[in-house]
Amino acid sequence: MTLGKIFLALLLAGTCLPARAGSLSDALVMPDIELSAGPGIVLAPHYPGGAGSHLQPFPYVDGHIGDAISFDSQDGVRLSLLKVEGLEAGLAAGYRAGRATGDLPAKLQGLHGVEEAFTLGAFASYSIGPFSLDIQGLRDAVPGRRRLML
């Protein structure tokens with residue numbers, strides 16, 4: 001079984017687990033779902049590390065399913081496996097946009113492009129009052145893919 005299939009199975013299992021022990025009817029209740037979405041724009045570099053910038057559309061999405069699953073347009077999807085007094089840790093999945101060779105300046109055309117990718121990994125977050133520290137490590141879900149050459 002691949003890492004992606006394991007993550008998906010854990011993600012789906014987390015949505016149907018009851019938050020506390022109780023009757024069978026408690027276990028069959030759907031978790032709370034919250035969603036916020038809207039249009040937006042972002043000023044982004046032409047390519048990662050580039051000096052030039054451009055405006056591009058960037059949809060805003062933020063929400064959660066129960067206490068275990070959260071998602072937003074910046075961090076992707078997170079499945080919390082540990083929550084202890086300000087510390088939260090678990091699995092994460094996201095999306096990384098690609099870069100076409102044509103987006104690079106002439107001096108960097110030899111670097112070729114980079115394919116878009118779905119990423120999997122883990123996160124840890126620690127909060128004290130209004131302050132928080134968030135760390136997330138992600139890798140390509142499909143390792144060893146070739147670079148995009150346009």
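Q: Is isoleucine 135 buried or exposed?

A: Isoleucine 135 counts as exposed, because its relative accessibility is 52%. The cut-offs are under 20% relative accessible area for buried, over 50% for exposed, and partly exposed in between, with a 1.4 Å probe and protein chains only. This is a predicted model, in which local features need pLDDT of at least 70 and side-chain atom pairs count only at pLDDT 80 or more, while totals for chains, interfaces and linings use all residues. Residues are numbered from 1 along each chain as its sequence is written, and side-chain values use heavy atoms, with hydrogens and water left out.

Q: In which element does isoleucine 135 lie, and which nonpolar patch includes it?

A: Helices (H or I, at least four residues) and strands (E, at least two) are DSSP runs numbered from the N terminus. Isoleucine 135 lies in strand 9. A patch takes residues with over 30% relative accessible area and no salt bridge, joining nonpolar side chains (Val, Leu, Ile, Met, Phe, Trp, Tyr) within 5 Å and like charges within 9 Å. A salt bridge is a side-chain nitrogen of Lys or Arg within 4 Å of a carboxyl oxygen of Asp or Glu. Here the surface patch consists of Leu81, Leu82, Val84, Leu87, Tyr126, Ile128, Leu133 and Ile135, with about 750 Å² of accessible area together, by the Shrake-Rupley method with a 1.4 Å probe, where for residues only the protein chains shown count as cover. Strand 6 (76–84), strand 8 and strand 9 each give two or more residues, and strand 6 gives the most, with 3.

Q: Where is threonine 119 found, and what does it touch?

A: Contact means heavy atoms within 4.5 Å. Threonine 119 is found in strand 8 (residues 117–128) and is buried, because its relative accessible area is 7%. Leaving aside residues up to four places away in sequence, threonine 119 touches, among others, Ala92, Tyr95, Arg96, Leu138 and Asp140.

Q: What order do the strands take in the sheet?

A: Two strands pair if DSSP finds at least two bridges between them. The open sheet has 7 strands in the order 1-4-5-6-7-8-9, paired antiparallel. Its edges are strand 1 (33–38) and strand 9 (131–140), each of which pairs on one side only. Strand 1 is joined to strand 4 (residues 60–65) by 6 bridges, and alanine 37 stands opposite valine 61 there.

Q: How many helices and strands does the chain have?

A: The chain has 2 helices and 9 strands. Of its 150 residues, 18% count as buried.
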